[in-house]
Amino acid sequence: MTVVIGFEGSANKIGVGIVRDGEVLSNPRRTYITPPGQGFLPSETARHHRSVILTVLKEALEEAGLKPADVDCVAYTKGPGMGAPLVTVALVARTVAQLWGKPLLGVNHCIGHIEMGRLITQANNPTVLYVSGGNTQVIAYSERRYRIFGETIDIAVGNCLDRFARVIKISNDPSPGYNIEQMAKKGTQYVELPYTVKGMDVSFSGILSYIEVRCRAFKWELSSALSCIETLFSMLVEITERAMAHCSSQEVLIVGGVGCNLRLQEMMGVMCKERGAKLFATDESFCIDNGAMIAQAGWEMFRSGQTTELSDSWITQRYRTDEVEVTWRD
């Protein structure tokens, strides 16, 4: 039996998870929450992570009922993400690996989301929609790579929602996207917004600029919340369906923090039903950044013979999903 501990801290979540042969033994995390109208800066986020990471590590071990000697490998998020938080987590993971005398593994953040989604939902070979604060990609596996079929050409969908939340100064607790979703349920009027799909790629900056101007001028927060998520999610469903057609796929897996949005799951479910396809999604415990997803990807990598030398255990803010050789799948 192989036990892997995973450290995740690429954005405002810090998590430590432990996985043993497909079983999540523990997955505690903390979230850095800023006041309404404010985003989170890399330096302040890293300071938050430093203040709680050892506590979260202790919780993970206690919840799993394990000791350091029981762990076979230490995995950490190599990237992509925010520089200072990534460095903070990498330093702790490197230190733990050396203190415990365990192999180290740098994991791609997106691959972590995909492998956790595949584990929890048991999806076989899905078309993946990866939507988060920093990433928006449509992905499918082929020939030992997770190939990117389409992506945002400017800002990520989660970043668009975060910045919209700042404009109307709503709470960041538990997350801006969740609070916007609750506001949208009260909206009664759909207002047409810029809809920008370019082939397989999408653009969200025009929508954000338009909403910022309209909100300041007319104070139509509820209608803008409704219109915002309906437009953004329609764009995502369109490019996902196009990728499914290209790959002859009958499965869709939604991963990433925005993926726990129930309206997005509902819209994607309608599309899948019309195509006779199946939708796979998870709740916030696994959609939102967490340590177990890094542990699970690390488990797959470690079992296929991969490790990361200490001299190569750096981080990178730009780590493409398709850069990773997927040695653990046929």
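Author: A definition comes first. On a 1 Å grid over the protein atoms alone, a pocket is an open set of points with protein on both sides within 12 Å along at least five of seven lines, whereas a cavity is a set where a 1.4 Å probe fits but cannot get out. Residues with an atom within 4 Å of a point count as lining. Points are joined across faces, edges and corners, and probe spheres set on them fill the volume. The model is predicted, so local features need pLDDT of at least 70 and side-chain atom pairs pLDDT 80 or more, while totals for chains, interfaces and linings use all residues. Residue numbers start from 1 along each chain as its sequence is written, and side-chain values use heavy atoms, without hydrogens or water.

Reader: What volume does the second largest pocket have, and which residues are closest to its centre?

Author: Its volume is about 180 Å³. The lining has 13 residues, and G106, M301, Q306, Y319 and V324 are the closest to the centre. Strand 6, residues 104-108, gives the most to this lining, with three residues. Helices (H or I, at least four residues) and strands (E, at least two) are DSSP runs, numbered from the N terminus.

Reader: What makes up the lining of that pocket, by class?

Author: Five nonpolar, six polar and two charged residues. Ala, Val, Leu, Ile, Met, Phe, Trp, Tyr, Cys and Pro count as nonpolar; Asp, Glu, Lys and Arg are charged; the others, Gly among them, are polar.

Reader: How many cavities reach 30 Å³ or more, and what lines the largest?

Author: The count is one. The largest cavity has a volume of about 40 Å³. Its lining is H113, M116, G117, L253, I254, V255, G256, T282, F286 and C287. Helix 3 (109-121), strand 12 (251-255) and helix 9 (284-287) each give two or more of these residues. By class, six are nonpolar, four polar and none charged.

Reader: Why is helix 5 called largely enclosed?

Author: Buried means under 20% relative accessible area, exposed over 50%, and partly exposed in between, with a 1.4 Å probe and protein chains only. Seven of the nine residues of helix 5 (176-184) are buried, so the rest of the structure largely encloses this helix. The buried ones are P176, G177, N179, I180, E181, M183 and A184.

Reader: Is N135 buried or exposed, and what does its side chain contact?

Author: N135 has a relative accessible area of 16%. The cut-off is under 20%, so N135 is buried. N135 sits in the loop between strand 7 (127-131) and strand 8 (136-142). Its side chain makes a polar contact with that of Y130, at 3.1 Å. A polar contact is a pair of N or O atoms within 3.5 Å; within protein, one must be able to donate a hydrogen and the other to accept it, and residues adjacent in sequence count only if both atoms are side-chain atoms.

Reader: What does R320 pair with?

Author: R320 forms a salt bridge with E151, at 2.8 Å between the closest N and O atoms. R320 is in the segment after helix 10 and E151 in strand 9, so this pair links parts 169 residues apart in sequence.

Reader: Where do E238 and R242 lie?

Author: Both are in helix 7 (221-247), four residues apart, about one turn of the helix.

How values were computed: A salt bridge is a side-chain nitrogen of Lys or Arg within 4 Å of a carboxyl oxygen of Asp or Glu.
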